[in-house]
Amino acid sequence: MLRYRQLKNYILELASGMEPDALLPSFRALGSQFGSSQVTIKRALDELEAEGCIYRRQGSGVYVAPRYHAGNSVIAVLMLHLDGLQSGQILGGIQEAAAEYSANILLPKPLTDTDRLVQSLQAAKVFGCIINPATADLSNPEFIEMLDRLNRLGMRLVALDLPLPGNSCGFAGLDNITAFGELGAILLRRRRRNIALVGNFASKVYAAREKGFRQSVAGSAVRIAQLSSRSAAVSELACQIRDGGFDAVVIADAAVSIPLSYQLWCRIPDIAERMTVGGIVEEGQEIPCPGGVTLVKPNSALGKNATTLLFHPIQSYDVKLLKIPVCENQP
């Protein structure tokens, strides 16, 4: 057997008897024990790292990867709504990735009693949690305290959509700033100048989308009017936009993108000539207006990203941002 394969098998056997994140022997110790060169040791470690069995910290050493111990692990998914389209797609991605790690999924019911929730997670020996917080949760002291307790118990935490406070949580999100910047560039290219920006002002996600859009049109002659997606019925909102003299509307709230764009399509017969409708939608949906621009949330991939991050060491604040595809519809 080749020398590096012998070394690789030795490290694998050693790792199997160690805890996740445990420190493995150093380069010098391995070289001394096996009489191997630095090149041979590096090759063995490179292969083990590529296979997800170990990980390295610069200047610190080589460690046993959690993934190597992932079999039969239990992960909890804490989502407020599990029956919506977005939640179902995210959960599907989580389930697909969890199967690769031979991990089981726990779906606890949302509880107002955080003590009971933490106790139930402990009883189930949960390895880590994927959490989809609401904006209001981030300023809720009980929610923050729950996160601290889970951290102290050694559970890994990964947030979806909104980053969690603290420095030991991973974040799997969408690159909203770039996507809405691309949408702004498309509207500039189409010479749209009077634009309605529709969104949920209370949402931190909306803030990122607004920022990306405003940055892309900064310095131009574009006028932006913000309209709240939660202050009126969709039909009333469509009438405001129709009668407001806008030549474009940007819908930054996926919950209303399809119904609002459909209302606009029905109420403005020559919409393709008068107005460009752009909006963010859930996976598998499309803005129905001719000439519209669709930003598609990759929910399944988001769930996969969160699960992958959960099974890799979270050193400080690891971030995985997914690109949001931007598609221009035919006029």
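Buried here means under 20% relative accessible area, exposed over 50% and partly exposed in between, with a 1.4 Å probe and protein chains only. The model is predicted, so local features need pLDDT of at least 70 and side-chain atom pairs pLDDT 80 or more, while totals for chains, interfaces and linings use all residues. Residues are numbered from 1 along each chain as its sequence is written, and side-chain values use heavy atoms, leaving out hydrogens and water.

**View A. Tyr101 stacks on Phe311.** Rings of Phe, Tyr and Trp (its six-membered ring) pair if their centres lie within 6.5 Å; planes under 30 degrees apart are stacked, over 60 edge-to-face, the rest tilted. Five aromatic pairs turn up by this rule. In this one, the centres sit 4.5 Å apart with 15° between the planes. Tyr101 is buried at 5% relative accessible area, and Phe311 is buried at 0%. Ring pairs also bring in Phe127, making a cluster with Tyr101 and Phe311.

**View B. Tyr55 and Tyr63 make a stacked pair.** Here it's 5.4 Å centre to centre, with 15° between the planes. Both Tyr55 and Tyr63 are buried. Arg57 lies over the face of Tyr63, 4.5 Å from the ring centre (the rule: NZ of Lys or CZ of Arg within 6 Å of the centre and within 35 degrees of the ring normal).

**View C. Ile11, Leu24, Pro25, Leu30, Leu45 and Val62 line the largest cavity.** A cavity is a set of points on a 1 Å grid over the protein atoms alone where a 1.4 Å probe fits but cannot get out, and lining residues have an atom within 4 Å of a point.

Conventions: On a 1 Å grid over the protein atoms alone, a cavity is a set of points where a 1.4 Å probe fits but cannot get out, and a pocket is an open set with protein on both sides within 12 Å along at least five of seven lines; lining residues have an atom within 4 Å of a point.
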